[in-house]
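Here is a short report on a protein model.

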Amino acid sequence: MAKAPKVVKEEPLETQLWKAADKLRKNIDAAEYKHVVLGLIFLKYISDAFEEHFAKLQAGEGEYAGADPEDKDEYQAENIFFVPAEARWSFLLAKAKQPEIGSFVDGAMDAIEKENTSLKGVLPKVFARQNLDPTSLGGLIDLVGNIALGDAKARSADVLGHVFEYFLGEFALAEGKQGGQFYTPRSIVELLVAMLEPYKGRVFDPCCGSGGMFVQSEKFVEEHQGRINDISIYGQESNQTTWRLAKMNLAIRGIDSSQVKWNNEGSFLNDAHKDLKADFIIANPPFNVSDWSGELLRTDGRWQYGTPPAGNANFAWLQHFIYHLSPTGKAGVVLAKGALTSKTSGEGEIRKNLVTDGNLMDCIVNLPAKLFLNTQIPAALWFMNHGRNNGHPRKNEILFIDARNLGHLINRRTRELSHRNYSDPHYKNHPISHSKTVFLSHQDVT
């Protein structure tokens, strides 16, 4: 009896694209190369959006009768970036095989920034560097140009947004420890958002990296048939290069990033949203930071539950988040597991005050090892709720979830939580649904 032919499963588009793009990388570091590739994907996205509206204006039908397709105001009115002629994808595609292609792309980035103030200082100009040979760059332009062909053309923004997000994760993996500084693994972000359920209100991340928390919040609203306009995002990032990635990541998703701010002092010394009271805070602050300028902030008004030690920022971050919560606000954050038990320099007293005086602690999730790219330090998720004093059914209890044995290895050093159906209203397939859970009273905890 003849054997049935072996079915070869076709790889997803983003995986095929990543392999092709990585092949063109040659001897360039992933940390540098990501700005080349992500910059081109972004350029393709805004050019596609521009060209689509350009065609409507050129046809001049209905409300567009008599419109000038080269009038910048026509695009601003529709929240579309204006792309000058020398920056359009068709122009660059025609130049892709020329040795000066790098200079053309850098020029395109400059021209776009000049015409769109919200992108000023955001776009990469790294395409004419000597270590990026013109042939590889031309190959990348061809590759990115094919992302939204055929049936995908009508939804090119979704496709390009998905590819951008996938590439961010792959570059973070390729960079390893350094990659973890701009990227929180997707499975952790999905879990935070699924547990917080940010349907409506102000979402804040004061250490926002490349903006993954915001993207996932918007996805959550869409998946639950909510209205995207019902949430607004606020963020801050101290690394300018990472902030640029966040601005592109959000723009390619059509998310307003006007309140995502950068300053190199960071959230403690220069809080960009001093008066903000957020409905949801979702964050992954750097673990156990010792040089957070704690000595300069001993009397800061944010330390409602005790002055954090100058040598460790964990409880400074927690209180910074609490300070920015609205009276009914909720927070889901990642912290080093040591923060659950440490008693050094008054940390134990601050933790006790959060539980007893503040009645803020809602849930702790003990995470498995090897989830993070930039550290092997064990971590936990902390969920806080400012509304626990207003008739909350578990007012004096904290839910503890032991998820240490969940997830699977994706390589020797990295684990991820298995992807589940977060849209299930009963969370039957939630990644923590089969983990050990226990409710403890405040007395048990303290």
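The sections below take the cores and then the strand.

## Nonpolar cores

This is a predicted model. The largest nonpolar core holds 97 residues. Within this core, I41, F42 and F167 touch the most other members. Helix α2, residues 30–59, supplies the largest share of the core, 14 residues.

F42 reaches across the sequence. Neighbours within four places aside, F42 is in contact with F81, L119, L123, M248, A251 and I252. Another core lies apart from the largest one and has 34 residues. Its members include L276, L297, W303 and L354. In soluble globular proteins, nonpolar side chains tend to be buried together.

## Strand β1: buried or exposed?

Strand β1 spans residues 201–205. Of its 5 residues, 4 are buried, so the strand is largely enclosed by the rest of the structure. Buried here means under 20% relative accessible area.

## Partners of β1

Which strands pair with β1? One is β2, residues 231–237, joined to β1 by 5 bridges. The other named here is β4, residues 278–283, joined to β1 by 2 bridges. β1 and β2 run parallel. β1 and β4 also run parallel.

In β2, F204 stands opposite Y234. In β4, F204 stands opposite I281.

What kind of unit do β1, helix α9 and β2 make? They form a right-handed β-α-β unit. Helix α9 covers residues 212–223.

Notes:
Residues numbered from 1 in each chain as written. Predicted model: local features only at pLDDT ≥ 70, side-chain atom pairs only at ≥ 80, totals over all residues. Heavy atoms only, no water. Core = buried A, V, L, I, M, F, W, Y, C linked by side-chain atoms within 4.5 Å. Buried < 20%, exposed > 50% of the residue type's maximum accessible area, 1.4 Å probe, protein only. Contact = heavy atoms within 4.5 Å. Pairing = 2+ DSSP bridges. Right-handed = clockwise from strand over helix to strand, strands pointing away.
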